[in-house]
Amino acid sequence: MRNIGEVIARNRRRKKLSQKELAKLLGEYDIAIKNAGISAWEKGNSTPNAEALLVLCKILEIYDIYTEFIGENPLDPFIELNEEGIQKVLDYIDLLEKSGDYKKLPEGVIPMPVRYMKVALTRASAGTGNFLDEENFEVMEIREPVPDKADFGVYIAGDSMEPRFHDGELVWIEQRENLESGDIGLFFFDDMTYIKKYVSNKLGTFLVSLNAKYKPIKIDEFSTFRIFGKLAER
């Protein structure tokens, strides 16, 4: 085991800190000590308790406590690397951290898997009869939950489906040609594409907005009408 005081002194000098400055930094962690106490540690006249030692390691950036205070760490992943190799590993770690893709999550947080989904380039209420053509979509990386049955996503335009859905919101559609009355779906009607509630009863077939200020749209025999799909629920 190495001399604790010598390790503290060497790393303090490496950080270009005076004993007074180190004592002040320790005070910020509620470790009350004066520069004379730091001097006593370094001379071996006293030793820091476990809490103070851990805070010292934090301040002095001593990351491998075993190596610094005991000796060669048999579990050190850098043990076979020279200085250049160690620096390359540290540089790579820095790249991984900056990417954000490998950030450690808080305990209890379950990471969401990435899914690649087709998302329509044209918003609902501004579409065409060719809405489902491949050129109308781009594949996007989605990190939020996506319903299992979803085939593609589309952005809502306008406020006709408020309060449940809002302008600019991305919703997911299960591609299908038939719906039951009461289903919310994506439709083509007379040169426009809509997200609406599908209602079919003895009065006829209607596309109904959730926002009461919009009147139902009646589908008649002269309408150009097509069902693109059903709202995919989570």
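Predicted model: local features only at pLDDT ≥ 70, side-chain atom pairs only at ≥ 80, totals over all residues.
**Entry 1: two helices.** I looked up how helix H2 (residues 19-27) sits against helix H4 (residues 50-59). Their axes come within 10 Å and cross at roughly 110°. Angles of 65 to 115 degrees count as roughly perpendicular, so I noted H2 and H4 as roughly perpendicular to each other. The crossing of H2 and H4 is right-handed.

**Entry 2: salt bridges.** How many salt bridges does the structure hold? I found ten listed for it.

Arg10 pairs with Glu68, with 3.4 Å between the closest N and O atoms. This pair links distant parts of the chain, as Arg10 is in helix H1 (residues 4-14) and Glu68 is in helix H5 (residues 65-69), 58 residues apart. Arg10 is partly exposed, at 40% relative accessibility.

Lys213 pairs with Asp159, and here the closest N and O atoms are 3.1 Å apart. Lys213 lies in the loop between strands E7 and E8, Asp159 in the loop between strands E3 and E4, and 54 residues separate them. I noted Lys213 as exposed, at 58% relative accessibility, and Asp159 as partly exposed, at 22%.

Glu141 and Arg143 also form a salt bridge, 3.1 Å from N to O. Glu141 is partly exposed at 43%, and Arg143 is partly exposed at 43%.

**Entry 3: a nonpolar patch.** Which residues make the nonpolar surface patch of about 310 Å²? I found Val114, Tyr116 and Val139. Val139 lies in strand E2 (residues 137-142). Is Val139 buried or exposed? Its relative accessible area is 58%; exposed means over 50%, so I wrote down Val139 as exposed.

Technical notes. Residues numbered from 1 in each chain as written. Heavy atoms only, no water. Patch = residues over 30% accessible without salt bridge, like charges linked within 9 Å, V, L, I, M, F, W, Y side chains within 5 Å. Areas by Shrake-Rupley, 256 points an atom, 1.4 Å probe, with all protein chains shown as cover. Salt bridge = Lys/Arg side-chain N within 4 Å of Asp/Glu carboxyl O. Helix = DSSP H or I, 4+ residues; strand = E, 2+ residues; numbered from the N terminus. Buried < 20%, exposed > 50% of the residue type's maximum accessible area, 1.4 Å probe, protein only. Axes fitted to C-alpha atoms, helices over the stretch in contact; angles between N-to-C directions. Parallel < 35°, antiparallel > 145°, perpendicular 65-115°, else oblique. Left-handed = near helix turned anticlockwise from the far one by under 90°.
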